[in-house]
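Please examine the structure shown below before reading on.

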Amino acid sequence: MKILVPIKRVIDYNVRVQLKRDNSGVQTDGVKMSINPFDEIAVEEALRIKERGDAEEVIVVSIGAKVCEQQIRNALAMGADRGILVETDDAVQPLGAARILQKIREEEGTDLVIMGKQAIDDDCNQTGQMLAAISNLPQATFGSKVELANGKATVTREVDEGLEVIEVDLPAIITTDLRLNEPRFVKMPDIMKAKKKPLDVKPLADLGVEMPPALENTGYAPPPKREGGKKVESVEELVEAMKNKGVL
Amino acid sequence: MKVLLIAEHANGKLNPSTAKSLTCAARLGDVDIAIFSDSVDAVAEKAAALDGVKNVIAVERAENANPLAAVLAPQIAKLAEDYDAVLMPSTTFGKDVMPRAAALMGVPQVSDIMDVAGEREFQRPIYAGNVLTTVKVPDGQKICGTVRVASWQPAPAGEAVASIDKRELDVELPSHTRFVKLEASKSDRPDLQSAPVVISGGRGVGSKENFDIIYRFADKLGAAVGASRAAVDAGFVPNDMQVGQTGKIIAPDLYMCFGISGAIQHVTGIKDAGTIVAVNKDPDAPIFEIADIGLVGDLFEILPKLEEAIDAEKS
């Protein structure tokens, strides 16, 4: 079995994201970039499946500019076998990404796609579901436990009501939630080894994928600020302050 | 504009997310509500009673017993042919199903609609709510979106007035996805996503057993109970209690949190709360930057005193 893991380069989880001065977009110059954390969980899950002997190959794919090679190399250092960069300087939205991934999935003949449930930059939470739809394959989103047996995946999903378990036939698309696993730390020798692993760069234009209609960004704004920061010294003062606010 | 809202429901009851999403949907035009179930009658009556609903489209089919995206999406796409816009709540239900339906229709989706900014323009949060962006759906394209329910007040329910239209859809449904079970947390406490008062605990609570102090305090106030990701990861409480970027986004009148430091991913889930009260040992915890009332101290000393003080207020 081959597993495809799409990964996205995003502003690092720990960075306090700021708007550019003229509100024309988000400040990305000189900001630390990383693999989207949910995608890192997806890489880890794919590697564990391979290490259990249930898969032969883990392929990571990213869509974006040349610099995305850094994140692909990180995933290769974690243990993925090879990487593909679909190179484009244009911003790609979820439906477009799904079409590109569908093409790669077909070309590579992968049986399972594991990917993050959302990217922490645009917070869309769409691409996995859209890939499943256009591939006419099952989807198991927000997975916190994945079991594979007899050509099926049994996935425990984190839903608002609690935990839902569904069974899907393979091939399938699985998206990861936070508690699926804890990604491994990469060691120095693995980083060196990763430099020698194959990384295929395919220009988007050569892929023959028709890009769908996209949303137009018409503006950015900072969120309304909460006026917080008042402290009290004792429980008595706390109760008094709550009474004054009319919440007690 | 003709708008189709897909209802979220279980056990014959509408999820509160439906009435909130309806308020957003009504800003776009005339709203029909669609219900997919193996037994539609009870829910259809309730949907018909919501203010502002024109028609209820009830699709009764055995396959609709559980909300599986692979089963619902083709039916939604079929029904959507008669509409200009399709909306679902941005709960785990809508997040799972809507993108699958949008992709079948070949259109982009607007996730987490906070506000309607123009005829085809919507405001939504990105970067865990640290930035708001406005996006426009191209002319001539169907609008597909999920509604950030915490941003909207529920449409009131009155007498049932909307007509109920039972519909059969000629759509072939896949069998590759099967529901196995739902392990729902059993609780007599109010629903976290709609409760007016929420009490939350974080890593600082220390253990599953210690969380009893949070539950006890919540019960005194008739409040729902939430938690930070750290508390869920540590196994103190189940996943459905997580509040934040990847958990539940809530907007109670009063949010009181104990032992939560206030990572941006948590804060984004409570920004719309009326009043935020924070108790934490660390005076530099970021939660104090946004809390309306903060108290530095040990939650295990403060909570019992707070209970006493509230008892005294009540009597």
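Which residues touch the most other members of the largest nonpolar core? In this predicted model, that core has 169 residues, and those touching the most other members are A:Val5, A:Val43, B:Leu5, B:Ala34, B:Ile35, B:Ala47 and B:Val56. Helix 3 of chain B gives the most to this core, contributing eight residues. In soluble globular proteins, nonpolar side chains tend to be buried together.

B:Ala47 illustrates such contacts. Apart from neighbours within four places in sequence, B:Ala47 is in contact with B:Ala7, B:Leu14, B:Ile33, B:Ile35, B:Val53 and B:Val56. Another core, of nine residues, lies apart from the largest one; among its members are A:Val10, A:Ile11, A:Cys124 and B:Ala128.

Helix 3 of chain B, residues 69-79, is mostly covered, with nine of its eleven residues buried. Among the buried residues are B:Val71, B:Leu72, B:Gln75 and B:Ile76.

| Helix | Residues | Contact residues |
|---|---|---|
| Helix 4 of chain A | 127-135 | A:Gln129, A:Met130, A:Ala132, A:Ala133, A:Ile134 |
| Helix 4 of chain B | 92-105 | B:Asp96, B:Pro99, B:Arg100, B:Ala102, B:Ala103, B:Leu104 |

The axes of helix 4 of chain A and helix 4 of chain B come within 8 Å and cross at roughly 45 degrees. Helix 4 of chain A is therefore oblique to helix 4 of chain B. Their crossing is right-handed. By class, this contact comprises eight nonpolar, one polar and two charged residues.

Terms used:
Residues are numbered from 1 along each chain as its sequence is written. Chains are lettered from A and ligands numbered from 1 in the order in which they are written. This is a predicted model: local features need pLDDT of at least 70, side-chain atom pairs count only at pLDDT 80 or more; totals for chains, interfaces and linings use all residues. Axes are lines fitted to C-alpha atoms, for helices over the stretch in contact, and angles run from 0 to 180 degrees between N-to-C directions. Helices (H or I, at least four residues) and strands (E, at least two) are DSSP runs, numbered from the N terminus. Angles under 35 degrees count as roughly parallel, over 145 as roughly antiparallel, 65 to 115 as roughly perpendicular and the rest as oblique. A crossing is left-handed if the near helix is turned anticlockwise from the far one by less than a right angle, and right-handed if clockwise. Two residues are in contact if their C-beta atoms, placed from the backbone, lie within 7 Å. Ala, Val, Leu, Ile, Met, Phe, Trp, Tyr, Cys and Pro count as nonpolar, Asp, Glu, Lys and Arg as charged, and the others, Gly among them, as polar. A residue is buried if 20 or more other C-beta atoms lie within 10 Å of its own, exposed if 12 or fewer, and partly exposed in between; C-beta atoms are placed from the backbone. A nonpolar core is a set of buried Ala, Val, Leu, Ile, Met, Phe, Trp, Tyr and Cys residues joined through C-beta atoms within 7 Å.
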